[in-house]
Amino acid sequence: MIRFCYFLWTGLSVVWCAFGLFAFWPQYGPGQEFPLFQDIVTVMLFLPTVSMLCYSLLLQAVSRLVAAYWNPPPGVLPLVCYVLVSCLLLFYLNHKSISARPPLILLLSVPGLLHYWISTMLRILASVPKTHSDPRDEDHKFL
């Protein structure tokens, strides 16, 4: 059941990211009648989608591919991927103030890291073998 939840969670996340990138891509121009609404949609839907894609789904895919060839200590691969994606976003963000970029990247990474944490917990729970306990066992008599 947990394995099904993990695959469902990952599948729905991939579908949501694909849909969110194409449907909510910010389009500013002279014909835009409601730029404030576009900003709200960008902040509430598009940026968390990009965060989930960059900081969670990309990291999960890279860790699956790298695990076949290299077994790093726990926590090294997520840290390296976080730094690389943050550096990429540091240069990709089109913001006038360079001092505002690191806080923006930290705020942008929160939904992605939360998604990665939930995905990792589901993957760990799905890999734990299920144990069956007999209710007639002596250890469970008083439960």
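Gly112 sits in helix H4. Helices here are DSSP runs of H or I with at least four residues, strands are runs of E with at least two, and both are numbered from the N terminus. What I am showing is a predicted model, in which local features need pLDDT of at least 70, side-chain atom pairs count only at pLDDT 80 or more, and totals for chains, interfaces and linings use all residues. Residues are numbered from 1 along each chain as its sequence is written, and side-chain values use heavy atoms, with hydrogens and water left out.

First, the overall picture. The chain has 4 helices and 0 strands, and its elements run α-α-α-α from the N terminus on. Of its 143 residues, 27% are buried. Buried means under 20% relative accessible area, exposed means over 50%, and partly exposed is in between, with a 1.4 Å probe and protein chains only. Contact means heavy atoms within 4.5 Å. Among contacts with a separation of 6 or more, 66% are between residues 24 or more positions apart.

Back to Gly112. Is Gly112 buried or exposed? Its relative accessible area is 0%, so Gly112 is buried. Not counting residues up to four places away in sequence, Gly112 touches Ser51, Met52, Tyr55 and Ser56. With Ser56 the separation is 56 residues in sequence, and the C-alpha atoms are 5.2 Å apart in space.

The side chains of His115 and Ser56 make a polar contact at 2.5 Å. A polar contact is a pair of N or O atoms within 3.5 Å; within protein, one must be able to donate a hydrogen and the other to accept it, and residues adjacent in sequence count only if both atoms are side-chain atoms. His115 counts as buried because its relative accessibility is 5%. Which residues does His115 contact, leaving aside neighbours within four places in sequence? They are Trp9, Ser13, Met52, Ser56, Leu57 and Gln60.

Ser13 on that list belongs to helix H1, residues 2-23. With 6% relative accessibility, Ser13 counts as buried too. A polar atom of the Ser13 side chain lies 2.7 Å from the backbone oxygen of Trp9. Beyond four places in sequence, Ser13 is in contact with Met52, Leu57 and His115.

One more residue of helix H4 is Ile124. Ile124 counts as partly exposed, because its relative accessibility is 39%. Ile124 and Ile2 are 122 residues apart in sequence, with 9.6 Å between their C-alpha atoms.

Next, the aromatic rings. A pair of aromatic rings is described by the distance of the centres and the angle of the planes. Rings of Phe, Tyr and Trp (its six-membered ring) pair if their centres lie within 6.5 Å; planes under 30 degrees apart count as stacked, over 60 as edge-to-face and the rest as tilted. By this rule there are 6 aromatic pairs. In one of them, Phe19 and Phe24, the ring centres are 5.7 Å apart and the planes are at 85°, so the pair is edge-to-face. Phe19 is partly exposed at 45% relative accessible area, while Phe24 is buried at 18%. Trp25 and Phe46 form another edge-to-face pair, 5.2 Å centre to centre with 75° between the planes. This pair links distant parts of the chain: Trp25 is in the loop between H1 and H2, Phe46 is in helix H2, and they are 21 residues apart. Trp25 counts as partly exposed at 45% relative accessibility, and Phe46 as buried at 9%. Trp16, Phe19 and Phe24 form one aromatic cluster.

Last, a pocket. Rolling a probe the size of a water molecule over the atoms shows where empty space is left. On a 1 Å grid over the protein atoms alone, where a 1.4 Å probe fits, a pocket is an open set of points with protein on both sides within 12 Å along at least five of seven lines; lining residues have an atom within 4 Å of a point. The second largest pocket has a volume of about 350 Å³, a volume being the space filled by probe spheres set on the points, which are joined across faces, edges and corners. It is lined by 17 residues, and the closest to its centre are Ser63, Leu77, Pro78, Tyr116 and Arg123. Which helices each supply at least two residues of this lining? They are H2 (35-67), H3 (76-92) and H4 (101-127). By class, the lining has 9 nonpolar, 6 polar and 2 charged residues. Nonpolar covers Ala, Val, Leu, Ile, Met, Phe, Trp, Tyr, Cys and Pro; charged covers Asp, Glu, Lys and Arg; the others, Gly among them, are polar.
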